[in-house]
Amino acid sequence: MQCNQFVERLTSDNYLVKHVGHKDEVRTILFIDSLQMIFSAGWDCVIYGWAMPSFRDLHQIDLTPKIALFGHSAGIVGLAHDTIKNRLFSVSKDGFIRIYGLNNYICNSITKVSKLPLFSLAFDSTMQFLIT
């Protein structure tokens, strides 16, 4: 089912749907329960932060992003959350990792980690090593 068909079906059932966000395909999604936020990123080089919806009132769901983080020049392929320092890591296909503080949503660091394209991003279980 295509996105516009899904929206039409929701609105035809008397649901109010507002949607603003990605201009291209979404490649990765990250849920951060402690912040009650969902982060998404993709080929449009933007990370969006969305408030987790409350499903108590399904007649009005606001899907407007609360945060937009810019800076990548290639499609974003991975997101990871550093739970110890409360940081968001993002990696793009051009081999750059950007680190954003989740207290102020400012990019604190940009690192080129590979000349080859990267395709994912995660921390190991000890939060000591970044795996791409």
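**Before you start**

The model is predicted, so local features need pLDDT of at least 70 and side-chain atom pairs count only at pLDDT 80 or more, while totals for chains, interfaces and linings use all residues. Residues are numbered from 1 along each chain as its sequence is written, and side-chain values use heavy atoms, with hydrogens and water left out.

**The whole protein**

Show everything as a cartoon. Along the sequence the order is α-β-β-β-β-β-β-β-β-β-β-β-β.

Of its 132 residues, 37% count as buried. Buried means under 20% relative accessible area, exposed over 50%, and partly exposed in between (1.4 Å probe, protein chains only).

Among contacts (heavy atoms within 4.5 Å) between residues at least 6 apart in sequence, 40% join residues at least 24 apart.

**Select residues 37-42**

This is strand β3. Six of its six residues are buried, so the strand is largely enclosed by the rest of the structure. Show the side chains: Met37, Phe39 and Ala41 point one way, and Ile38, Ser40 and Gly42 the other way. In a regular strand the side chains alternate between the two faces of the sheet.

Strand β2 runs antiparallel to β3, and six bridges join them. Two strands pair if DSSP finds at least two bridges between them. One place to look is Val26, whose bridge partner in β3 is Gly42. Four residues lie between the strands of this hairpin, and in the turn Gln36 has a positive phi of about 55°.

On to strand β4, which is antiparallel to β3 and joined to it by five bridges. Select Ser40 and then Tyr48, its bridge partner in β4. The hairpin of β3 and β4 also has four residues between the strands, and there Cys45 takes a positive phi near 70°.

**Last stop: Tyr48 and Trp50**

How many aromatic pairs does a search of the whole structure find? The search finds one. Tyr48 and Trp50 form this tilted pair, 5.9 Å centre to centre with 50° between the planes. Rings of Phe, Tyr and Trp (its six-membered ring) pair if their centres lie within 6.5 Å; planes under 30 degrees apart count as stacked, over 60 as edge-to-face and the rest as tilted. Tyr48 and Trp50 are both buried.

Note on methods: Helices (H or I, at least four residues) and strands (E, at least two) are DSSP runs, numbered from the N terminus.
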